[in-house]
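Welcome! Here is a short briefing to read alongside the sequence and the 3D view. Take a look at both before going on.

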Amino acid sequence: MLHIKVTDRESISNKRSVMTLIVSLIAGMTAMGLIFLMSGANPFYAIFKIFSGSFGSRYGMMETITKAIPLILIGAGLAIAYRAKFWNIGAEGQLLAGAIAGTWVGLNWGPHLPSYLIVPLMFIFGFAGGAFWGAIPAVLKIRYSVNEVISTLMLNYICAEILMFLIVGPWKGKTKFGYPYTDDLPASAILSTITGTRIHYVTLLLGIITVIILGIVIYKTRFGYEVRVIGENTHAARYAGINFFKATVIIMVISGGVAGMAGIGEVAGLHHYLLYPGSVSSGYGFTAIIVAWLAKLNPFFVILSGLFFAGILVGGDAIQISLGLPAATVQVFNGTLLVFLIMGDYFLKNKITLKWAKG
Amino acid sequence: MEKITQLEMVGISKSFHGIPANDDIHLTINSGEILGLLGENGAGKTTLMNILYGLYQPDSGQIKINGQRVKIRTPQESMAVGIGMVHQHFALIQPHSAVENIVLGYQHSPLFFPQKKIQDDVLAFSKKFNFDIDLSKQVWQLSAGEQQRVEILKALFNGADLLILDEPTSVLTPQETQELFVILNRMKQEGHLIILISHKLDEITELCDRVTVLQKGKIVGHADTKDVDKRALARMMIGRDVIFNIEREEIPRSEKVLSVNNLVVNGDKGIPMVKGITFDIHKNEIFGIAGVSGNGQRELVEAITGLRKSESGEVRITDTDITNQPPDKIYNEGISHVPEERIKFGIAPGLYLYENAILKQHRSDKFSSRLFLAYKGIKEHARGLVDAFQVATPSIFIQTKNLSGGNIQKLILGREIDGEPPVLVASHPTYGLDVGATEYLRKQLLQRRKEGGAILLVSEDLEEISELCDRIAVIFQGQFMGILEADDPNIKDIGLMMAGTLQL
């Protein structure tokens, strides 16, 4: 009979962490290879296509960076929330809330203001919109013990429906031939891009600044220390006189706010008008959950993991076209990788020994 | 399966990460016998019993029942040969009734309506051993002693001939302990085999027939309890003499530091748990609160340290009113706090040692500006604490959860008294610690008293209270039954006061 024994590892070296990460990614891709095989595609070719499509050409690379922008912003915010063990699954809704608030400013004030005023205003309102949407579950949790996994998830749908209502109703554009879109943002409110690419560099820059600030906040500041104490042990946080209500709300204002900035960035940088929720964001709020975990909740690593998953999104588009695989393939790919990453974490924290014994 | 009449462990060795936890252990127990397993924390008692219960596999050695070698690979196999274990922390499902919990682990439960069909059997069983529990109550409604009896009943009902009890009295009141001993003696008469893990000398000498002493994973002695005295056992256990009467020099009581005036505090269920308590503590004084836990000690301490709002009354430090201030404010006014359940309240287990060395002080000017923490100074401070308070750790860059209980407590105590606060509130500071760490911590408290600190010591350990305190208040149902001077002749009646039958 096979005996399996699980024991805690006492210490975990950096080398082991990195190796575990690499092995989990390889194992995940092997599993994905089997899925490709079952759908009749050559797994080696498909995986090669994914990475050549995203990192193998200048165009692919630029697209990857474009898609990494929202992932980095949201991922860094989620890393902070998850540090405090606040399970924010609502970044998608917070992104949309930011898009709505920012677009309103752009449409209404944009025609009267120069670029250097309207762009910061849009981002401020985008932040505020996401922050508001993120603060709701924080207040609900502390005041009424509402489980944040459920409330944040549900608020995603509410925000998506509000957006739908706005674009088919009061905000429906006069120049859009009856389509459910808003009018285009005025030129002053549209973010410029690096020539020949879709990279809206203002948002990219904001993303990198956010990462640096949040990294410093978590590891160097008093507030970051309090956040980590809350995440580790709420009883100890109470004992230490840490103000829960304030800390949780601030965490969710930040986490939701940066998601909101990602939202207005997508609208002002890529789409130029508000459209279907599923088109404003192709699930960035959910993909960023994996981004944050792959980065081990370290904001600095979010840049790398954000680029990695952006690459998979771009590569996924590439294999849809070249191999004729369904659009959901990428989501299966991402999900598979997440499962293997979490499994890897388990093997990193525990030591497993197998022993054959008679009888 | 035939009844166990004799169980032997022969040459059992087990190591973790290369460190031996058990080294060539031999022991024997016969039917109708209570064997004590004595040793400090980390001596390997629990590891040895977990091997017997099938939770661990020994690296070498054998287990023999009635002379026959048996293999025990899982707790199920252990139960099947007639071994039951009651762990220090109960494995009961809180919202289920006692019967449901017993039925859950029972191997012969029917598929449908198990509790109805087995309830009568369980009740009959419970009567046989005089277990006084309402089995239809949900577990969370039962006291710790009652929960323990449910655990014992569960093991017996599963056909355990040999019962292992891991530190069974650590959660019990003195009366409950006596009730437990009655039950165990009765089981002994019925021919059961009982192994009692403990580091309390009194229990071992009172209850056990024989005792085996472990030290650092090795057996250092066997004895018949009728032949040994406590002092000899203690020496065997830690390898040297323990000072059982720590020298407490006489210091005249000086000015008042902390005063609590007519304080009323509600418990978690909204009922008053502290009903108008008044006392003062002076410089150079240790003021003890004795009592069975659950009589308002926790609520009192939480109200003084700012973790709980009081309903009425006031708390003052020298002349400042600190009633219902937040915990960090109260800390700044000079009251530090060694909380009960050190791992639950006192540390953030996943953070590094140096980060835990400033918990609650992280807002002080010494360690932070408004925004940033001064990590360089914090690390120096942590190194200083580790040296000054003998915290055994490879470095300050270790996750605090990897320290032993005694070392965590030394770190917490060090953190709380390093700044020489005028008042220290210590709840059960040596609970569950081994003799060495206990002695060290008590000496530190006396040192603090000598330096001019005022200390409020809450403890269930009467020995600790009588050794350390200048005055002792006995709390019962949220009220003081009296405040005794250390040399008060009434101290012999402290048990009656704790039980609420005597009020001075």
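Two strands pair if DSSP finds at least two bridges between them. Helices (H or I, at least four residues) and strands (E, at least two) are DSSP runs, numbered from the N terminus. With that in hand, strand S19 (residues 471–476) and strand S20 (residues 479–485) of chain B pair in the antiparallel sense over six bridges. This is a predicted model, in which local features need pLDDT of at least 70 and side-chain atom pairs count only at pLDDT 80 or more, while totals for chains, interfaces and linings use all residues. Residues are numbered from 1 along each chain as its sequence is written, and chains are lettered from A and ligands numbered from 1 in the order in which they are written.

**The hairpin**
- Ala473(B) faces Ile483(B), which sits in S20(B).
- Two residues lie between the strands of the S19(B) and S20(B) hairpin, where Gln477(B) has a positive phi near 45°.

**The six-stranded sheet**
- Chain B has an open sheet of six strands with mixed pairing, in the order S6-S7-S8-S3-S9-S10.
- Its edges are strand S6 (83–86) and strand S10 (218–224) of chain B, each of which pairs on one side only.
- On average, neighbouring strands of this sheet are turned by 20° against each other, direction ignored (axes are lines fitted to C-alpha atoms, for helices over the stretch in contact, and angles run from 0 to 180 degrees between N-to-C directions).
- Strand S9 (residues 210–215) of chain B joins S10(B) in the antiparallel sense through six bridges.
- Leu214(B) has Ile219(B) of S10(B) as its bridge partner.

**Helices on the sheet**
- Helix H5 (residues 144–157) of chain B packs on the sheet and touches S6 and strand S7 (162–166), with its direction at about 170° to that of S6(B); two residues are in contact if their C-beta atoms, placed from the backbone, lie within 7 Å.
- Helix H6 (residues 174–189) of chain B lies across strand S3 (33–38), S7 and strand S8 (193–198) of chain B, and runs at about 145° to S8(B).

**Chain B as a whole**
- Chain B contains 17 helices and 20 strands.
- Its C-alpha trace spans about 70 × 50 × 50 Å along the principal axes.
- Of the contacts in chain B between residues at least 6 apart in sequence, 66% join residues at least 24 apart.

**Where the chains meet**
- Chain B gives 25 residues to the contact and chain A gives 15 residues.
- Helix H10 (327–333) and helix H11 (342–346) of chain B each supply at least two residues of the side of chain B that touches chain A.
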